[in-house]
Amino acid sequence: MSLTLLEMCQEAMYDIGVDPPSSVVNGGDEGMQLKAIANSVARDLFKRLPWQDLMVEASFTTVATELQFTMDTQFPNLHRIVPNTMWNHTQQRPVVGPLSPQAWRRIQAENDTFDYPVFRIYQGKFYLLDPTADETVYFEYIDNRTIQNAAGNEFSTRFAADTDTCRLDCHAMTLGIRWRYLQKKGMEYGEVFREYEDWVQEMQGADLPRETLNIHPGITRGAVGDGDWVFSVNGLTWNSGALIWE
């Protein structure tokens with residue numbers, strides 16, 4: 001069960017022998033400092049790992065122009081796309097990318113073609129090379145909203161109420177609030193900081209099991225790490241684990 005903002009702050013304060021406020025959001029200057037510290041801890045945890053609790057499945061329908069959409073408009077809470085998750089379900093093919101600026105310029109100059117659909121993100125806009133309209137593309141991304149309300153149906157990037165909870169590990173949040181509070185007050189925090197870092201590293205290893213890579217060529221379906229897909233990107237062809245200049 002997740003702890004609320006108030007519960008995390010009170011637990012951290014009791015642990016270091018400080019009387020906690022009865023409210024964080026309405027707790028005056030002390031409460032405002034605790035809320036700011038909690039927001040800092042949430043941001044620090046957020047940047048550590050693509051946490052599975054923040055992964056979101058998304059999709060869009062293609063249009064017949066290279067410019068497909070503006071990222072902030074289509075997916076306003078997208079932090080970054082999870083690599084290698086983009087697939088064209090209509091064609092049943094992966095969408096490869098993002099292309100580098102160098103590859104994109106080469107395409108424009110030489111009219112290169114690719115074995116698979118490719119994409120580029122440029123100035124906050126999403127481009128597809130030689131798209132066909134009305135095809136469905138799915139992918140996964142990291143949501144930038146680490147905070148949720150008590151009902152769990154509204155999400156944000158910052159705490160706003162005592163009853164808000166964090167979508168990330170609440171014990172890590174409590175440990176983070178504890179050491180940052182000590183730091184702000186000019187007190188010794190080295191040991192509690194190390195405890196926080198040790199716990200976060202343990203959570204990073206436990207949050208998302210790592211994929212077992214299959215490097216055996218010739219397995220095309222039913223296994224992760226397919227060995228004989230062919231990709232041609234940036235002047236290279238990848239086939240059965242080998243890179244070949246075209």
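A residue is called buried under 20% relative accessible area, exposed over 50% and partly exposed in between, with a 1.4 Å probe and protein chains only. The model is predicted: local features need pLDDT of at least 70, side-chain atom pairs count only at pLDDT 80 or more, and totals for chains, interfaces and linings use all residues. Residues are numbered from 1 along each chain as its sequence is written, and side-chain values use heavy atoms, leaving out hydrogens and water.

Helices (H or I, at least four residues) and strands (E, at least two) are DSSP runs numbered from the N terminus. Helix α2 covers residues 28-48. Its buried residues include G31, L34, I37, V41 and L45.

An open antiparallel sheet has the strand order β2-β7-β6, where pairing requires at least two DSSP bridges between two strands. Because β2 and β6 each have a single partner strand, one side of each lacks a neighbour in the sheet. Strands β2 and β7 pair over three bridges, and T70 has K125 in β7 as its bridge partner.

| Strand | Residues |
|---|---|
| β2 | 67-70 |
| β6 | 119-122 |
| β7 | 125-128 |

R145 lies in the loop between β8 and β9. Beyond its neighbours within four places in sequence, R145 is in contact (heavy atoms within 4.5 Å) with residues including L54, N77 and F155.

How values were computed:
The expected span of a helix is 1.5 Å times one less than its number of residues.
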